[in-house]
Amino acid sequence: MSVIIILILASLTVALLFLTGFIWAVRNGQYEDTLTPSMRVLADETTEKICETKSKLK
Amino acid sequence: MSQPSPELLQTPSDTRRSSSGCFHCGEACADDSFSLEGKSFCCFGCQTVFSLLHENGLEQFYELNSRPGIRIRSPVAAAKWAFLDDPVVQEKLFDYADKTQVKVTLHLPAIHCVACVWLLENLFKLHPGVGRSLVNFSRREAAITFAPDKIKFSELAALLASIGYEPELTFGALEKAKASPLAKKSWLQIGVAGFAFGNIMLMSLPFYFGLDSFSGPWFRNVAGWLGLAFALPVVTFSASDFWRAAWFSIRQRVLTMEVPITLGLGAIYAASIFEVLSHRGPGYCDSLTGLIFFLLCGRLFQKKTYDRLMFNRDYKGFFPLSVVRKTADGEESVAISRLATGDKIILRNGELLPADAKLISGEAFIDYSFVTGESETVACAAGSHLYAGGRQVGGVIEVETVKPVTQSYLATLWNNEAFRKSRDNDLDSLTNRYSKRFTKLVVGVALASAVFWIFRDATKALKAFTSVLIVACPCALALAAPLTHGTAQRILARLKFFLKNALVIERMAEVDTIVLDKTGTLTTADAGGVEFQSAECGVRSAELSIEERGWIASIARHSTHPNSTRITRSLPLAALPVANFRETPGCGIEGEIGGRKIQLGSQAWMEKCGVICSSRGDEAKISGGEKSETPHVGSYVYAAIDGVLRGSFMLENSLRPEVGKLIAQLGGRFGLALLSGDNEREAARFKNIFGGRAILKFNQSPADKLNFIHELQQRGRKVMMVGDGLNDAGALKQASVGVAVVEQIGVFSPASDVILDAAELPQLERVLQFSRRAAWIVRTGFVISAAYNVVGVSIAAAGLLSPIVCAILMPVSSITVVAFSCGATAWMGRKLQVKERQVASSVCESLQPSTFSLQPFAKEST
């Protein structure tokens with residue numbers, strides 16, 4: 001039955017990965033505003049905007 | 001930023017009239033005088049914004065939402081923002097600043113739709129100095145990065161204002177703390193608890209089904225140790241707020257709900273350690289983490305906040321950030337915090353006086369409606385004392401401050417005791433009143449069963465003691481109130497009834513007396529009728545002809561003063577070209593149409609302009625509606641043509657729709673009182689509405705209102721205050737429930753517990769009824785969880801508790817309570833909304849007469 005040890009280790013690794021991902025997301029501010037991104041996605045983002053924003057920030 | 005070329009502003013003759021209003025803001029267009037590219041606009045401001053966006057390739061703004069723009073009511077002079085270039089102000093406002101880039105977060109109350117978000121995030125297309133901008137819709141904020149060497153902060157503010165998003169910069173904004181890290185922490189706590197709960201549950205499944213015997217006793221050990229390891233961060237980090245609250249309440253010598261919760265948590269973890277160490281079993285960590293996870297979810301559910309609403313505003317939130325100070329070598333913009341006694345400041349039309357002051361020069365017409373509720377402006381002579389909070393209406397005045405901002409009239413109101421005591425602790429909530437008895441009972445039963453087992457079978461005594469504490473851990477109990485309140489809060493928010501926090505519902509359920517403010521709360525300046533009375537100085541002249549009405553409407557269109565807007569609305573006629581238009585702020589407007597001189601304005605201004613009463617050339621002695629038999633409430637606007645008075649428009653301050661019905665409904669159950677800053681001219685009218693039992697008080701100062709509430713409370717009444725404006729701020733704060741009535745959600749409102757959309761005021765009675773039902777649901781939830789506890793505690797006291805019983809009983813009791821709380825509240829709320837729809841239709845009916853009264857005008861004009 002030692003196979004269950006491997007299974008537990010595998011499941012724990014995956015679960016810990018997800019927990020780390022979650023902590024990163026919260027720290028990164030992704031839970032601060034949950035409303036605006038849903039509105040932002042409705043507008044077409046032109047590549048021009050991305051380029052300009054990037055070049056301006058440099 | 002380029003201005004539209006003059007050719008574009010000419011009226012093209014071939015444009016079709018748009019039937020559905022201004023292409024930019026959607027307001028009705030009076031005529032075709034503003035149109036561009038086949039689109040009609042209501043005013044020059046809207047047309048300018050459209051052409052600006054059009055030139056910069058931002059037409060998508062109009063595709064995201066139909067008519068998404070904001071009407072530019074009064075163009076703001078760029079000089080207004082000059083104070084933003086003051087380094088002291090900048091230092092406080094900027095999130096980050098270096099030589100090449102600055103990041104600032106601005107509050108833009110005008111943000112209202114998807115198109116706004118898109119436009120503001122594409123702000124960089126309008127000016128090369130603007131970099132990235134990020135909108136937070138729920139907070140109505142935009143975080144903008146810009147290059148200070150390419151665009152000054154004042155220019156950025158002016159740019160935002162020019163497209164309709166005027167930044168709201170108040171004195172209070174300087175002190176406001178930036179986004180709190182608390183929200184982040186509570187998300188992390190839930191995440192950790194959920195993670196541990198899921199993983200421990202996974203390893204506990206074999207035990208539930210008795211499958212652990214297959215893998216041998218070592219598996220039981222491994223699972224036990226892993227469970228303890230997972231549960232450790234949950235108990236220490238995720239549940240840290242419960243430990244802190246329990247410690248606080250013990251120090252306060254009050255038994256709040258957190259005490260039995262932490263007692264249970266501690267007992268479960270201790271028992272689990274004991275079981276794992278002594279190889280008896282895997283412990284109760286599955287139940288423990290699940291419990292904390294559910295509790296945290298319940299807490300998050302209840303903690304619904306409305307980011308765009310501010311419930312804790314004090315006078316600083318109403319004051320501007322800066323004033324213009326007069327110095328030896330001219331004028332300078334100075335932050336209010338740096339204003340000293342004896343400074344000479346200059347106030348322009350519409351500006352607020354931040355400190356008590358003495359008038360030095362200029363014609364002061366001070367509007368104290370903000371402070372006293374009295375709607376008439378006060379004319380002041382040089383040398384007179386002006387109180388902080390007054391708003392200058394009219395020309396430029398110069399004043400000398402006599403008191404510092406913090407000791408002025410308005411600020412002293414905030415020094416009242418009512419503002420210092422914090423009422424937000426929940427020690428008196430339903431849950432905590434219940435938990436006092438509950439905790440004593442649980443500890444009693446635990447001790448009793450331990451004592452019982454010592455005599456029967458001493459080995460079982462400790463187990464029975466901890467088992468009782470474990471099972472009695474009031475998870476379901478602690479969930480009943482948050483879930484009911486959270487659901488109720490969401491339902492009320494849909495009715496535009498925004499609560500500061502969930503506990504307000506409980507306080508609302510206990511209210512037995514309701515105190516109402518008059519001006520702005522029960523009455524409104526917007527909905528009233530406009531009635532024309534022809535000149536009345538002895539000679540009654542003819543009613544206005546269509547031609548004359550057209551003249552007056554055309555003149556009034558050019559002013560943004562609320563009275564002019566109302567007159568324009570009442571005279572839906574085509575606009576005529578106006579020459580030599582001139583507005584004297586706060587006094588009146590004049591202009592020429594086809595060689596005839598038209599004047600509209602106040603009585604005093606008319607007299608000053610030398611308007612005569614009739615064509616016979618009698619001496620002007622203008623008197624208005626005061627002569628008529630029934631005293632009217634509201635303001636008068638006088639109209640003169642070619643220097644001869646034609647008559648006056650009476651703008652009525654009417655009651656909000658359905659107020660009479662609401663008062664009748666409330667009167668049946670609650671004690672009622674009316675407080676007004678106004679004089680007694682309307683006493684008779686309100687006596688009729690309120691009936692004999694209610695208390696009506698006029699000429700009430702803000703402090704009087706506060707004291708009145710305080711007296712009622714000393715007589716043991718639970719008072720709800722319904723008001724608006726700063727003059728009610730003290731009373732709103734003193735009352736058990738303060739309801740601020742606002743015309744527009746998200747704009748100025750004084751500190752309060754509830755923010756209510758004025759249009760929903762007639763709902764008040766139903767909302768109070770709903771809150772009483774919510775309190776009943778909470779109590780029933782207590783009974784249900786108590787029933788489960790009786791079953792669980794009997795098993796535990798008998799010494800028969802096993803992890804599986806615990807793992808079944810706890811979630812089942814929690815789920816029952818959750819389902820009951822949410823379900824019952826939502827059901828009650830659905831009934832509330834069905835009623836609301838009926839009310840909405842009857843409001844429309846009740847509005848009908850006033851629309852009819854405007855019909856004669858409309859008919860003649862077509």
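Guide: An axis is a line fitted to C-alpha atoms, for helices over the stretch in contact, and angles between N-to-C directions run from 0 to 180 degrees. Helices (H or I, at least four residues) and strands (E, at least two) are DSSP runs, numbered from the N terminus. This is a predicted model, in which local features need pLDDT of at least 70, side-chain atom pairs count only at pLDDT 80 or more, and totals for chains, interfaces and linings use all residues; side-chain values use heavy atoms, without hydrogens and water. Residues are numbered from 1 along each chain as its sequence is written, while chains are lettered from A and ligands numbered from 1 in the order in which they are written.

Visitor: At what angle do the axes of α15(B) and α16(B) cross?

Guide: Helix α15 (residues 430-456) and helix α16 (residues 461-472), both of chain B, cross at roughly 160°, and their axes come within 7 Å. The pair is therefore roughly antiparallel, the term for angles over 145 degrees, with under 35 counted as roughly parallel, 65 to 115 as roughly perpendicular and the rest as oblique. The crossing of α15(B) and α16(B) is right-handed, meaning that the near helix is turned clockwise from the far one by less than a right angle.

Visitor: Which residues of α15(B) and α16(B) meet?

Guide: Contact means heavy atoms within 4.5 Å. From α15(B) the contributors include Phe438(B), Val442(B), Val445(B), Ser449(B) and Trp453(B); from α16(B) they include Ala461(B), Phe465(B), Val468(B) and Ala472(B). By class, this contact has 14 nonpolar, one polar and no charged residues (Ala, Val, Leu, Ile, Met, Phe, Trp, Tyr, Cys and Pro are nonpolar; Asp, Glu, Lys and Arg are charged; the others, Gly among them, are polar).

Visitor: How are α1(A) and α8(B), from two chains, to be read?

Guide: Helix α1 (residues 3-27) of chain A packs against helix α8 (residues 217-238) of chain B at about 15°, with the axes 12 Å apart. The two helices are therefore roughly parallel, and their crossing is right-handed. On the α1(A) side stand Ile4(A), Ile5(A), Ile8(A) and Leu12(A), which meet Trp218(B), Phe219(B), Leu226(B) and Phe230(B) of α8(B). The contact has eight nonpolar, no polar and no charged residues.

Visitor: What is the strand order in the open sheet of six strands?

Guide: Strands pair if DSSP finds at least two bridges between them. The order in chain B is β8-β7-β9-β15-β10-β13, with antiparallel pairing. At the edges stand β8 (330-335) and β13 (385-386), each with a single partner strand, so one side of each has no neighbour in the sheet. Strand β7 (residues 322-327) is joined to β8(B) by six bridges, and Arg325(B) has Glu332(B) as its bridge partner.

Visitor: How many bridges does β10(B) form with β15(B), and how many with β13(B)?

Guide: Strand β10 (residues 357-361) of chain B has four bridges to β15 (residues 397-401) and two to β13(B), antiparallel in each case.
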